[in-house]
Amino acid sequence: MKETKGIPTVSRFRFYTSAKRILENPLPFHHEKFEKVGDTFRLNLGFNRKIIFSRDSGFAEYVLQKNQKNYKKSEIQTRDMAKYLGHGLLTAEGEHWKKQRKLIQPAFHKKQLVSLLGSMHEAILEELKKIRTDAPMDIFPVFNDLAFQTVVKSLFSEAVGQKEIDRLQYITEAAQKMLVRELRQPYLTWWFKLSGSIKEHLALTQEAREILKAIIEERKKSGKKEDDLLDMLLDSRYEDGTAMTEEQLIDEILILFTAGHETTSNALTFTCELLARHPHEQEKIFAEVMAAKQETDSLYEFLRKCSYTQMVIEEAMRLYPPAYFIDRVNLEDDEFEGKAYPKGSSLLFNIYEIHRHPKYWEAPEEFRPRRFSEAKTSHYYPFGAGPRKCIGNNFAMYEMVLTIAELVSKYQISGFKDEIEIQPLITLKPKNAVLKCDAR
């Protein structure tokens, strides 16, 4: 293999002496190294394992967009995540991914999503009833349930019982936690296998597949059209006129559960944490929402009128991007701005750092939603970029704008601690998001 050239290297010694705090939260370690050696560095893990970290937005744009054909996702997604989720859009690669993306893309077009806004809105209103006003509460569990219920209702309408929904949510979250343990503690792989933990969670995943199979078969048998995502996916056809196999359809649904609820619940929680610290921003949202509700009964038009609410969410995702890392591996040797990357280099783009880099953002640590009133910059990656940009980005934005609009119209948010606590796992999760919600 050719040697990586022009890239500063952080030694294995530095890594191992910081191993404990990296396990808890790798972001401070990465920030220190970026500040010390530059926007791209190589971390030597030993045993010929090297990872290249970067907060260079130009390099990210080059890899994700301009030369994306030379890059694939790492085995963390294509192998480790696929073990639990199957080979859907998030974990698929190559021709299989292209085929699936082309098939599924129309179901997530803005015009198609309009038909889902009613069920999405109903699920949001129902879950917001769990907000307590008598005492401070951790807001994350509410949003976690809300995001999962919204995905389920959009997928299946009313064709699935609460018992099945609860079980699917439990299995989805249990599999995610197990995957985090495997990725963060690879030295315990032998124990996870010997103790039966991996086998147990794979069995749970199979149980989820059986539940979904029964739902799909019942829908086919009924012949009833619900105009939900399941119908759209069942009606989708490849170029040769064939439909997805049942196994592939289940893979895609499992991906939607995972990608569609955790990142959204994280983003909603961080948005509320920031709003609690900026009450004047809440009042701007409140005024916008009240005016929009008076002007239209159409949910789609309502969303269009809530432009400032969307800016607030976008700014929250800049400061706390749920997908805080994007990984890629190059298929052939490459070079960018004098730095050489041999074939098979493992790249990790730190989106958290890119979104806070003073080179790209004015006053990057400040919460300034108005910065998104201007054209989007090339330094903003909450949903990724290029052909593999998250297919559900419009779905997520509709859901989040509706949620924040309804929440702020009903409650004033306060009662925050000094620091917003984070828990970087597979996604950037909030921690101890205890807030006070007072009815307006």
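Modeller: What follows goes through the contacts group by group.

This is a predicted model, so local features need pLDDT of at least 70, side-chain atom pairs count only at pLDDT 80 or more, and totals for chains, interfaces and linings use all residues. Residues are numbered from 1 along each chain as its sequence is written, and side-chain values use heavy atoms, with hydrogens and water left out.

Start with the rings. Rings of Phe, Tyr and Trp (its six-membered ring) count as a pair if their centres lie within 6.5 Å. Planes under 30 degrees apart make a pair stacked, over 60 edge-to-face, and the rest tilted. The whole structure has 15 aromatic pairs. One of them joins Phe59 and Phe336. This pair is stacked, with 5.2 Å from centre to centre and 20 degrees between the planes. Phe59 belongs to helix 4 (residues 57–66) and Phe336 to strand 7 (residues 334–336), so the pair ties together parts that are 277 residues apart in sequence. Helices (H or I, at least four residues) and strands (E, at least two) are DSSP runs, numbered from the N terminus.

Phe59 has 1% relative accessibility, so it counts as buried. Phe336 is buried too, at 13%.

A second pair is made by Tyr324 and Phe325. Their ring centres are 4.9 Å apart and their planes meet at 55 degrees, so this pair is tilted. Tyr324 is buried, with a relative accessible area of 3%. Both rings also belong to a cluster: ring pairs link Phe34, Phe41, Phe53, Tyr324 and Phe325.

Some rings have a charge over them. The rule asks for NZ of Lys or CZ of Arg within 6 Å of the ring centre and within 35 degrees of the ring normal. Arg356 places its charged end over the ring of Tyr320, 5.0 Å from the centre. Arg440 lies over the face of Phe286, and here the distance to the ring centre is 4.2 Å.

Now the charged pairs. Side chains of opposite charge can pair when their charged atoms come close. A salt bridge here is a side-chain nitrogen of Lys or Arg within 4 Å of a carboxyl oxygen of Asp or Glu. How many salt bridges does this rule give? The count is 35.

Take Arg55 and Glu35. Their closest N and O atoms are 2.9 Å apart. The pair links distant parts of the chain, 20 residues apart: Arg55 is in the loop between strand 3 (49–54) and helix 4, while Glu35 is in helix 3 (residues 27–37). Arg55 is buried, at 5% relative accessibility.

Lys129 pairs with Glu126, at 3.2 Å between the closest N and O atoms. Lys129 is exposed, at 62%, and Glu126 is partly exposed, at 46%. Glu127 pairs with Lys130, at 2.7 Å between the closest N and O atoms. Glu127 is buried, at 6%, whereas Lys130 is partly exposed, at 40%. Elsewhere, shared partners join Glu35, Asp39, Arg55, Glu353 and Lys359 into one network of salt bridges.

Next, the cysteines. A disulfide is a pair of cysteine sulfur atoms within 2.5 Å. The structure holds zero disulfides. Cys272 is in none, and its nearest cysteine sulfur, in Cys437, is 6.9 Å away. Cys272 is buried, at 1% relative accessibility. The sulfur of Cys306 is 15 Å from the closest cysteine sulfur, in Cys272, which is too far for a bond. Cys306 is buried as well, at 0%.

Last, the surface. Ile76, Leu183 and Ile426 make a nonpolar surface patch of about 200 Å². Patches are made of residues with over 30% relative accessible area and no salt bridge; like charges are joined within 9 Å, nonpolar side chains (Val, Leu, Ile, Met, Phe, Trp, Tyr) within 5 Å. The areas come from the Shrake-Rupley method with a 1.4 Å probe, and for residues only the protein chains shown count as cover. Leu183 lies in helix 10 (residues 162–184). It is partly exposed, at 31%.

Gly223 sits in the loop between helix 12 (197–222) and helix 13 (229–235). Gly223 is exposed, at 61%. Its C-alpha atom is 52 Å from that of Asp334, which is 111 residues away along the chain.

Notes:
Buried < 20%, exposed > 50% of the residue type's maximum accessible area, 1.4 Å probe, protein only.
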